[in-house]
Amino acid sequence: VSTQSTGFKYLSHLVGDKKYWNAAHRFMEHFQGLSKPEGLVPIFISPNSGQFTTSEIRLGSRGDSYYEYLLKQYIQTGRKEQMFRTMYDESFAGVKSKLVGRSVPSGLVYIGESTTTFNYLSPKMDHLVCFYPGLVGLGVTYGKQYKDVKNQLTAQEKEDFEFAENMTYTCWQMYEQVPSGLAPEIVVFHNGGAREHGVDYKDFTIKPLDLHSLLRPEAVESIFIMYRLTGDEKYREWGWKIFSAIEQYAKYTEGYTSLSDVSVIPPRRRGGKMESFFLAETLKYLYLLFGSPNFISLEKYVFNTEAHPLPIFSA
């Protein structure tokens, strides 16, 4: 439901007609009025009643765009719509208090899944969730380099930026700990309890149905953003290793292919199928990672979910 918001607002900005902006704003105002435990929302909503229809809460599939566009709408419109920053802050506080865990033995920071009662934290994390640390970094510096704004930040903001760095490292470990150097679709982190059946690595297990890779963009998205915000060359090193693994195992004569099993070398290929987001997002973020930091500046543009750079209206 939230995915169209920045596009609709940009369309109104281009054509001078507020009807698209108003349509996007109307359903976000509806979300604001709904009961959201700890600022978090279930993943299904009825188009008829406008009420949530499930208790599942996660930042992966079906839930990610809501959280992403709270902050990105605030940034896109020049930080003038305080409602979105408030909703983002509430949701981030809920994530930290109810969804964050640490793996055994390395203490990797991950975001798990729960329900509206929060009586259990599942250590399952989709690769999709790896968009989040880059988002948190943007929420602290708004595209500026961390070293340039560090002295102006509160202790909480510095802690939040450290969270972004730590979780980006977690997403990198989803690649680094797998022999092929490519992350699977989903991992289940070791939390000290009984382990899931599957392929075990140091900090997580990959269940048999989750061993595939669609060459998703979320990890390299956060790696790109954190490089822009810190200038730390380790992020380029991580990005290059990911790109090299893609080149080695996923490249076809005429393109690239998804992989069926990243736990074996060479990974089994998935019928020569290449997802459109691999070109539109994964390769775009890798290209930008190694390009000039001034090209499509994060102080002047905000990327939507599909990696289209939209200008910040005040820029």
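A residue is called buried when its relative accessible area is under 20%, exposed when it is over 50%, and partly exposed in between. Keep that in mind as you explore this predicted model.

**Stop 1: helix α9.** Select residues 234-249, which make up helix α9. Its 16 residues reach 23 Å from the first C-alpha to the last, close to the 22 Å expected at 1.5 Å a residue. Now color Y235, R236, W238, G239, I242, A245, I246 and Y249: these residues of α9 are buried. As you look along the helix, remember a general rule: an α-helix has 3.6 residues a turn, so residues three or four places apart point the same way.

**Stop 2: helix α1.** Next, select residues 5-15 to see helix α1, where you will find L11. Is L11 buried or partly exposed? L11 counts as partly exposed because its relative accessibility is 32%, and the cut-off for buried is under 20%.

Stop 3: Four strands form an open sheet here, in the order β5-β6-β8-β7, with antiparallel pairing. Its edge strands are β5 (124-126) and β7 (199-200), each pairing on one side only. Zoom in on β5 and strand β6 (residues 186-189), which are joined by three bridges. Select D126 and you will see I186 of β6 standing opposite.

**Stop 4: helix α5.** Finally, select residues 132-141, helix α5, and pick out T141. With a relative accessible area of 3%, T141 is buried. A polar atom of the T141 side chain lies 2.9 Å from the backbone oxygen of K144.

Methods: Residues are numbered from 1 along each chain as its sequence is written. This is a predicted model: local features need pLDDT of at least 70, side-chain atom pairs count only at pLDDT 80 or more; totals for chains, interfaces and linings use all residues. Side-chain values use heavy atoms; hydrogens and water are left out. Helices (H or I, at least four residues) and strands (E, at least two) are DSSP runs, numbered from the N terminus. Buried means under 20% relative accessible area, exposed over 50%, partly exposed in between (1.4 Å probe, protein chains only). Two strands pair if DSSP finds at least two bridges between them. The expected span of a helix is 1.5 Å times one less than its number of residues. A polar contact is a pair of N or O atoms within 3.5 Å; within protein, one must be able to donate a hydrogen and the other to accept it, and residues adjacent in sequence count only if both atoms are side-chain atoms.
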